[in-house]
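Colleague: Hi! Please show me the model, and then I'll go through it with a few questions.

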Amino acid sequence: MVAQLTSVERQFALLVLGLLSLCGLVMAAAANDDLFALHGGLVLVFAVGLGFLVLSGLDAPEPSSSRFSEYYDDPSRVAIVLTMGWAVFGLAVGDWVAWMLAYPDLTFDAAWASFGRIRPIHTTAVIFGFGGNALIATSYHVVQRTCRTRLAGQFSPWFVLLGYNLFCLLSVTGYPLGITQSKEYAEPEWYVDLWLCVVWITYLVLYIRTLARRREPHIYVANWYYLAFIIVVAMLHIVNNIAVPVAWNHSRAYSAFGGVQDAMTQWWYGHNAVAFFLTAGFLGMMYYYLPVRAQRPIFSYRMSIISFWGITFMYMWAGSHHLHYTALPHWVQTLGMTFSLILLVPSWGSAANALLTLNGAWHRVRDDATLRFMMVAAIFYGLTTFEGSFMAIRAVNSLSHYTDWTVGHVHAGALGWVALISFGALYSLVPSLWGRERMHSAWAVEAHFWLALAGTLIYVFAMWNSGVIQGLMWRTYDPGGTLAYSFIDTVVAMHPYYIARAIGGALFLAGAAIGAWNVWMTIRGPAAASQAAGDDRPLTVLAGE
Amino acid sequence: MFGLHYRLEKHGLALVLGIIFVAAIGGLVEIAPLFTIDETVEDAPDMRLYTPLEVAGRNIYIREGCYACHSQMIRTLRDEVERYGPYSLAVESKYDHPMQWGSKRTGPDLARIGGKYSDEWQVAHLINPRAVVSQSIMPSYRFLASTALRTDDLGLHLKALSRVGVPYTQEMVTNATADAIAQASADGGEGLTTRYGTATQARVFDGNPGQVTEMDALVAYLQILGRLTNAAHANSQPPEE
């Protein structure tokens, strides 16, 4: 890691880490509340720890200039290891909270272990920890290959990766302590948000600079998606998290928006975090790794163009369908519904594009579990976007909203689409990044695939059942014209489905654990006999960089 | 059209600007008018402010992630109005930074929970939900009753809230800590009612007069939910079927 940096970069790293340590120290020493002090301590430990790492390599010889004839893959390698770590952690916490809903005494009577504090750990760990690291790893890899150039800089890729993981760490340690601003999928408090802002802008600058150095006239499709993901997430993050802290040294802040405006801003953010973090980013992954693995060109270039701009434009309107029948003005609800319905066109455009690319490669899908991960992901992408448009319809939403149907829907997307495409991409990336012929165990990839598929199906069917039953029970009247069920009746009816869901989650977790083991064994395994570096290198060597 | 795109995909910065432009339209059209159009939020002349104790309770509600299971938004649907009470109006959450409308009901909606149960019921329920609702799957919040409430920074909280548009006066900010302690005691205090109105509920919410606990604050907050204004009850429009 450190040996790859030039001595100037090493010194710069020390300077940045010194500033970060100072920040942590001030936070810890001058805090107005204990939680802020604890987080200051965490920042300090993180920065000092990395500082020692850099110091230990400070006197290493300068990296040779031959590095410019190679891609810069070290950050991707570390990001992949972090991805698998976050996956196992986040899924384990998720399964724990799933059991908690079936057996509420699993909180052990501890303040930190109640459902409300643990659930955001799960969502943040899987969305931002697992998903985010997978996106960083693959975007670094893809942008270099498709632009035939090395990443623009050696320090900033590390700053983005490690800074981003500090953000994840601060978030998931904050929730059990009680640090949250209670905005769904944007729970971190103001100072963590500010830090992410710095990291994310660096990411954007790094990406744009790398694109600017490309040796190809055209910007490849996958990069449009990665670019939209980075840009729009920055927009969403900044607007949604505008807040006034209680004091500069206090962990709590108050959102600038209140009531109905806050609700609209929050779902504009929340829905588009799904659109741009969990869809656009992973579509970028799909548009690169699926054609490469299938050894087929993408089915239709024009369809990619239409899909891309359709998604970028229309998704941003669709958030308000989360607020049907609420105090949000009717016209905004209707606009949201309308655009959610039209959104089906570009979404299915991408899903069809992926599946049609596989036409002529079905024998590969049959034999190669890695490609099967990607194919099933594309199918789930199509199914989930259809379900999403369907659920945006007012009448359907009146039944599904507030029930487990929504939970089932987001997990069909999260497990079926996001996680499967990521595992598919990682299984094709890991052997090539570490110079191995193939994954350590093909059998384990196969086992992971079936566990993941079975887990997803059990989970989603359980939640569909519980959601629809609960929604119907809420609105059932007896012949006398009064409500037939009390609320607790519906809670009791959910019990078997909650157990089924937790079992489905456990299967999915088992698959991911096998995957993590397989990745680790591949990394530790012997290098391929003939290292065919071949054409996997930048097109032109840029002298003096 | 594809000719234009041919050029666009060769210029990184043009692509960046294109994405920003295209992505910005939807949000601008839907969000910006909400801040200017008067009809977004109804007038409610009788609207009260949260007292400092209720703000502290609300922060505990937020800290414990209650929104993950309980909504605070009764929709304009007949069965919801019959189950929970009049549907929610925008004005009722005018001072909620951030809002707690929620997106999931693992437990019932809480928008009109205030005054529905006694303090004793709320405390017993928070200490052990299954003691009062035998099949509840809510975790217990026993520790609230034994944790002292932090009140010394409440002035800062009110100050921050006033910066984002909640009309707290300087006097309210100055007296925040005293008002919180007064509201959690049996006799309340004259200052409290002059500042926050005579309808302000002052009593020992957790049944333990010795100490102002987090339980006091949370119960005070739960008991005010849906009672900041009567506008929803006065609203005569029928819900949708």
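Colleague: Where is the place of B:Pro98 in chain B?

Modeller: A word on conventions: this is a predicted model, where local features need pLDDT of at least 70, side-chain atom pairs count only at pLDDT 80 or more, and totals for chains, interfaces and linings use all residues. Residues are numbered from 1 along each chain as its sequence is written, chains are lettered from A and ligands numbered from 1 in the order in which they are written, and side-chain values use heavy atoms, leaving out hydrogens and water. Helices are DSSP runs (H or I, at least four residues; strands are E, at least two), numbered from the N terminus. On that basis, B:Pro98 sits in the loop between α4 and α5 (119-127) of chain B.

Colleague: Which residue does a cis peptide bond join to B:Pro98?

Modeller: Most peptide bonds are trans. Here omega is about -5°, and the partner of B:Pro98 in this cis bond is B:His97.

Colleague: Is A:Tyr325 buried or exposed?

Modeller: A:Tyr325 is in the loop between α9 and α10 (330-342) of chain A, and its phi is near 65°, a positive value in a residue other than glycine. The classes are buried under 20% relative accessible area, exposed over 50% and partly exposed in between (1.4 Å probe, protein chains only). Because its relative accessibility is 8%, A:Tyr325 counts as buried.

Colleague: And is A:Gln295 buried or exposed?

Modeller: A:Gln295 also has a positive phi, near 55°, and lies in the loop between α8 and α9 (301-314) of chain A. With a relative accessible area of 57%, A:Gln295 is exposed.

Colleague: How much area do chain B and chain A bury between them?

Modeller: Buried area is the accessible area (1.4 Å probe) that two parts lose on being put together, summed over both. The contact, meaning heavy atoms within 4.5 Å, takes 88 residues from chain B and 96 residues from chain A. Carbon and sulfur atoms carry 66% of the buried area, whose total is about 8000 Å².

Colleague: How far apart are the closest N and O atoms in the salt bridge of B:Arg130 with A:Asp105?

Modeller: A salt bridge needs a side-chain nitrogen of Lys or Arg within 4 Å of a carboxyl oxygen of Asp or Glu. The rule finds four of these across the interface of chain B and chain A. For B:Arg130 and A:Asp105, the distance is 3.2 Å.
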